[in-house]
Amino acid sequence: MNEKVHVFDHPLIQHKLSILRKETTGVKEFREIVGEIAMLMCYDATRDLKTRQITIKTPVAEAKVRVLAGKKLAIVPILRAGLGMVDAMLELIPSAKVGHIGLYRDPETLEPVEYYCKLPTDIDQRDVFVVDPMLATGGSASAAITFLKKRGVTSIKLLNIIAAPEGIERVAADHPDVDIYCAALDDCLNDHGYIVPGLGDAGDRIFGTK
Ligand code: PRP
Ligand code: URA
């Protein structure tokens, strides 16, 4: 396995993912669990953030403590489904800025089509987490990362809940510098570009549009 690919096998993540995958799981529960998994993934994907030591006073004595010291952070969801991961991540890293990249997959060609982009002005100075529950062909994630690199971003991590081997291969080939975090690496894509077994259309299930 490529050392840039990190698959979370934590029991809590795997249990929550099993609920997401069920076709009977309703919109409210689906949305909540996407957030819970995103939070758990964020916890681990931020374990290499730099810290520095400062001295504070507790009610009892002085204490040397560690606080975050690294570059500033940004979360960039790929619309729409990536939005489902943002709020939970912001609970852990509340000072992160949020940019948005709107892409949809053309149902015929499966190529990503851009329709929106709004990023923090200092995005090039931030460590960026690109988030999207699904990495299928990898076209959307790769296009989003290319776009961020054109804006000067040099530090990017990709967080997906479910990835297909095809998507991993595509992103690893196009962006070998990017770490990819996912909760599951599934079997393959079907003829419509859906991940098998996957969980269906993540955007529709988060927003109840089907
Ligand atoms: C889904 C998903 C990813 C993309 C993955 O979005 O959320 O963005 O497909 O597919 P890819 O790896 O083959 O590019 P979709 O295009 O369905 O848009 P939506 O989030 O608005 O539903
Ligand atoms: N987008 C989704 O939402 N689901 C898939 O399985 C593939 C792309």
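Helices and strands are taken here as DSSP runs, helices of at least four residues and strands of at least two, numbered from the N terminus. In this predicted model, Pro197 lies in the loop that runs between strand 13 (195-196) and helix 6 (202-207), and the peptide bond leading from Val196 to Pro197 is cis, with omega near 0 degrees. A cis peptide bond also joins Leu79 and Arg80, where omega is about -5 degrees, and Arg80 has its place in the loop between strand 4 (72-79) and helix 3 (86-92).

Most residues other than glycine have a negative phi, and most peptide bonds are trans. Leu110 is found in the loop between strand 6 (100-105) and strand 7 (112-118), and because its relative accessibility is 19%, under the cut-off of 20%, Leu110 counts as buried.

Among the paired strands, strand 2 (residues 51-57) and strand 3 (residues 62-68) run antiparallel and are joined by seven bridges, in one of which Ile56 has Ala63 of strand 3 as its partner. Strand 2 and strand 3 form a hairpin, with four residues between them.

Helix 4 (residues 139-150) packs with helix 5 (residues 165-174) at an angle of about 20 degrees, the axes being 9 Å apart; because angles under 35 degrees count as roughly parallel, helix 4 is roughly parallel to helix 5. The crossing of helix 4 and helix 5 is right-handed. In this packing, Gly139, Ala141, Ser142 and Ile145 of helix 4 meet Arg170, Val171 and Asp174 of helix 5, a contact that comprises three nonpolar, two polar and two charged residues.

Conventions:
Residues numbered from 1 in each chain as written. Chains lettered and ligands numbered in written order. Predicted model: local features only at pLDDT ≥ 70, side-chain atom pairs only at ≥ 80, totals over all residues. Heavy atoms only, no water. Axes fitted to C-alpha atoms, helices over the stretch in contact; angles between N-to-C directions. Parallel < 35°, antiparallel > 145°, perpendicular 65-115°, else oblique. Left-handed = near helix turned anticlockwise from the far one by under 90°. Contact = heavy atoms within 4.5 Å. Nonpolar A, V, L, I, M, F, W, Y, C, P; charged D, E, K, R; others polar. Pairing = 2+ DSSP bridges. Buried < 20%, exposed > 50% of the residue type's maximum accessible area, 1.4 Å probe, protein only.
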